[in-house]
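Colleague: Please take me through one part of this model in detail. Pick a helix and its surroundings, then a loop position close by in the chain order.

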Amino acid sequence: MDLMEMDDGMLMKRNLIMEDLGTRDLQRRKAPSRCISVCLGLLCAVLLAGNIGQFVYYNSHPRNCIDMQDSYEHLQREKAELQSNFSSMRSDRDELQIHNTNVTLSKNQLQNRYNSLMTDKEALENSYDALKREQEQLQTNHSSLETDREELEKTIDKVRNDLTKEKDQLQQSYNTLTQERDQLQTNMQRNYDNLQREKNELQTNFTMMRTNRDELQRNYSSMMSEKDQLQTSKEALQREKEQLVKKINTLNARPCETGWKKFRDRCYYASTRRTTWSLSRDYCITKGADLVIINSSEKRDFVSRLVTAGVNTWIGLTDRVGEGTWMWVDGTPVNTTYWEAGQPNSHGGDQDCGEMVQKGEWNDEGCSNENKWICEK
Ligand SMILES: [Ca+2]
Ligand SMILES: [Ca+2]
């Protein structure tokens with residue numbers, strides 16, 4: 001702004017100097033012309049006064065005519081010189097007038113130039129004012145921008161700090177995720193290997209199961225056929241059972257022989273004498289019976305009541321076929337037992353026949369011993 005003001009002052013000063021110089025030059029150029037004109041006028045007046053004086057003098061003083069003639073000639077020469085000088089000075093005056101005209105034109109041009117420059121100056125001043133206002137506006141904008149820039153710098157610093165913290169957190173999360181990913185990859189690889197093994201095992205099992213399925217299918221078909229046969233057999237057995245029930249009912253209705261006791265559909269005989277296990281069985285067989293088989297608690301209670309308590313009595317129990325493997329005389333296995341405590345003990349290594357002792361408990365005894373016995377038919 002200061003530079004612009006200085007330029008404007010210098011411009012105005014220069015214009016004033018130029019205007020002053022133009023005026024002085026014009027006055028300086030006009031002054032000789034006026035002076036010459038005045039001098040020429042004065043000279044003409046002096047010459048005219050001299051001639052008049054000579055004329056008056058020669059008319060009044062004829063003796064001095066010769067001197068006057070010389071003076072006159074002298075004056076004529078001076079007059080001619082003056083005339084010549086006058087012509088010369090008039091030429092100079094004309095030239096000066098022409099020069100004055102040119103100077104006037106130059107002055108007008110300079111005046112026009114000056115007016116144009118003044119117009120330019122006013123325009124420049126207006127532009128300068130506009131620029132000044134624009135500069136002030138720009139200065140205001142610059143201050144505002146400076147404030148905004150400082151706020152932006154603070155914001156940028158804050159955002160940079162936040163971004164740095166966030167970047168650190170993201171880096172930490174990335175590292176954690178990378179570790180988890182590696183762990184997952186390891187686990188996935190392990191699981192994949194396990195799954196691959198399980199798949200192979202499942203494939204093997206599937207193949208085996210398919211083979212088993214086919215076999216089961218065949219077995220199912222076979223069993224279905226067997227089931228049909230069993231169904232047929234069941235129906236036959238059902239019919240046979242009905243017949244047997246009828247027979248049982250018939251037998252239940254049948255009375256036992258003298259000396260035999262009835263329990264449900266069967267008859268029982270308790271001997272009064274004693275003999276070996278084999279002979280007692282032979283006796284029963286001759287009667288169409290066999291030694292008693294005790295296969296239920298109800299039957300045991302019934303048989304116990306047939307003999308006197310504490311009297312050893314043979315029953316249809318033996319391990320003669322296989323030591324320790326007790327069988328009933330009809331070949332059925334012994335499922336329910338009532339052995340006395342510590343029995344069977346195969347005492348002496350020769351106790352293969354069963355007997356009933358105290359309160360219906362059993363004991364293994366030598367078969368050659370003689371006991372009472374009970375038959376069943
Ligand atoms: Ca035995
Ligand atoms: Ca024994």
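Modeller: Two residues are in contact here if their C-beta atoms, placed from the backbone, lie within 7 Å. Keep in mind that the model is predicted.

First, the setting. The chain has 4 helices and 8 strands. Their order from the N terminus is α-α-β-β-α-β-α-β-β-β-β-β. Of its 377 residues, 10% count as buried. Take the contacts between residues at least 6 apart in sequence: 63% of them join residues at least 24 apart.

Now helix H3, residues 277–286. Its buried residues are Trp277, Ser280, Arg281 and Cys284. These four lie on the same side of H3, because they cover an arc of only 100 degrees around the axis. What covers them includes four strands: E3 (290–291), E4 (313–322), E6 (353–356) and E8 (372–376). After H3 comes Gly288. The phi of Gly288 is positive, near 75 degrees.

Next, the loop between strand E5 (325–328) and E6, where Glu340 lies. Is Glu340 buried, exposed or partly exposed? Glu340 counts as partly exposed, because it has 17 C-beta neighbours inside 10 Å; a buried residue needs 20 or more, an exposed one has 12 or fewer. Leave aside its neighbours within four places in sequence, and Glu340 is in contact with Val357, Glu361, Trp362 and Asn363. Met356 gives a distance to go with this: Glu340 and Met356 are 16 residues apart in sequence, and their C-alpha atoms are 9.1 Å apart in space.

Technical notes. Residues are numbered from 1 along each chain as its sequence is written. Chains are lettered from A and ligands numbered from 1 in the order in which they are written. This is a predicted model: local features need pLDDT of at least 70, side-chain atom pairs count only at pLDDT 80 or more; totals for chains, interfaces and linings use all residues. Helices (H or I, at least four residues) and strands (E, at least two) are DSSP runs, numbered from the N terminus. The arc is that of the directions from the helix axis to the C-beta atoms.
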